[in-house]
Amino acid sequence: MIKQAPFASFAVTDEIDFQELAARLGDRYTLLEAGREHVDEEYLDTFDWGLYHSGRTLARSGRRYRLYSADGLVVCEEGGPRKKRPFWWDFPEGRIRDEITEGADLRALCAQLPLTRDRQYLHLLNEDAKIVVKIWQDLVTIRPEDRASDELQSLCLSGIRGYSRQFQTVCRLLRQGGLKETTEQGHFLAPVFAAADLSPESAGLKFAVTLDRHISIRQGLSEVGQAVLRDIRKNLPGVLGDIDTEFLHDLRIALRRTRSLLSIFSAVIPQAPADRLRDEFRWITQITGSVRDCDVYLLQMDDFRVMLPDRLHAGLNGYIQGLREFRKWEFKAMKRHLKSPRFDRLLKDWQAFLDGPPEAAAGDEGLCRDFAAKAMKKRFKRVIRKGGECGPGSPDTLLHALRIEAKKLRYLLEFFRSLFPFDEVELLIRHLKKLQNNLGEFNDLSVQQTMLGTFRSPRRTEDLEQMLGVAAALGGLITRLADRQQQVRGEFEEIFAEFAGDENRALLQAIIEPAGQDGNSEMDGDRP
């Protein structure tokens, strides 16, 4: 983890007289020029700016990569991959790989901003010739692809441990000299990103839409729907470009949210257009399922290897090769559908519906807050009821049905959290997540065993030994996954009992009480 030293940055408009600054510090201090550099580099980050949010900044010039701290100091410089959009695992073992793994996770590192930097380094030395403050001045030329270049000048200071007084003195003198401090922007590139119309601070945030407390049901549907539709459009290019697996994952979440939204509002949406939209979104969600399944298995291959003895690894490698070829076929088919007139028409129809539904349904002009409170109450009750039906010997289908209901409740809370006490909603979501994690893992293990047991590789081989090796590896995996599934199943009762306890019942009541609900649920949008 990079530890950030005391740091300050200032916007510069005129040339700074460093000799005058040194003179104002007194005879005990001297300013020493410590070097100059000129670099052309592009800054890399994930689609959701994971490195930025983790306090890291990665720049590339050719095959040389630089890792910066948030205050702009160079932490290290190493050679790296040639790939246009590398992942953290493409980097050789070393400091950069260690530092970016957490922020990049499963996402590709993409070029976010190219620029040219001219930097002058200075060191403030005390009478013992020890560095007490590091100073550097940057002239940055931003080179966006879609418009003319911009230039920005800045002056940055980095304090040295044990010399905080000197750091504060230099900062004070610069302020007295009329320089405007920009440290509150929190990152040495914040002014550059602002000039380039980039907003990493807002990227990567979890789904959220802010609704007015007095918004109508129809307006609530429109605003939440617009937010989810933006997520679909935002992730679509990354899916089509096959940049990383998280684009498809996030697209599928947005598609499921859309279907859930249509279900929630089914009582106040005209039935014919709602049914057609629901069917079409079900179609495209199913189309994307096979590729996502392949991605999940391929991402788990290291875990699968650990589950198996070394003698079965050759068979597992054969399965992986076949799975990758299978994914290529499935991706081509999915891409055709995502670029088809049918899907394009679906998005346009959904947009038009949200902009102004052509028909009105009875009871759609009440307050969205009242509507959402009733829906939350009924969804919560349904989760409790269906969970109570799941005993130790219950079939997997009951747990699957409970998982779907828990997901619907989760989406409902996320859609309308801005209309209710925020902390209480967030707490209920956290408790719900624990139940969802258990149900989700149980379902994934079930699906994995089914796919492993029925997988047919598109690769044809007459090598009987290879076929037997793959079969043995898959059989071993299925056994290990079945064991884990039983363990997860054994944890369910305790986890569900905790969720269904008095604490969460009281929490739900605290959430919906301000809406003045009386327990009626005639408009909870629960039509199948």
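**Sheet pairing and helix packing**

In the predicted model, Glu42 has Arg60 of strand S3 as its bridge partner. Helix H4, spanning residues 164–176, packs on the sheet. The strands touched by H4 are S1 (7–11), S6 (110–125), S7 (131–142), S8 (150–159) and S9. The direction of H4 makes about 145 degrees with that of S8.

Strands of a sheet pair through backbone hydrogen bonds, in either a parallel or an antiparallel sense. Here, strand S2 (residues 30–45) and S3 are joined by three bridges in the antiparallel sense. The sheet as a whole is open and has nine strands, with antiparallel pairing and the order S5-S4-S3-S2-S6-S7-S8-S1-S9. S5 and S9 (180–181) each have a single partner strand and stand at the edges, so one side of each lacks a neighbour in the sheet.

Helix H3 covers residues 95–104, and its buried residues are Ile96, Glu99, Ile100, Gly103 and Ala104. Because these buried residues fall within an arc of 120 degrees when H3 is seen down its axis, they line one face of the helix. An α-helix has 3.6 residues a turn, so residues three or four places apart point the same way. Asp98 and Glu102 are exposed and lie on the face of H3 turned away from its buried side.

The packing partners of the buried residues of H3 are helix H2 (50–53) and the strands S3 (56–61), S4 (64–69) and S5 (74–79).

Definitions and conventions:
Residues are numbered from 1 along each chain as its sequence is written. This is a predicted model: local features need pLDDT of at least 70, side-chain atom pairs count only at pLDDT 80 or more; totals for chains, interfaces and linings use all residues. Side-chain values use heavy atoms; hydrogens and water are left out. Buried means under 20% relative accessible area, exposed over 50%, partly exposed in between (1.4 Å probe, protein chains only). Helices (H or I, at least four residues) and strands (E, at least two) are DSSP runs, numbered from the N terminus. The arc is that of the directions from the helix axis to the C-beta atoms. Contact means heavy atoms within 4.5 Å. Two strands pair if DSSP finds at least two bridges between them. Axes are lines fitted to C-alpha atoms, for helices over the stretch in contact, and angles run from 0 to 180 degrees between N-to-C directions.
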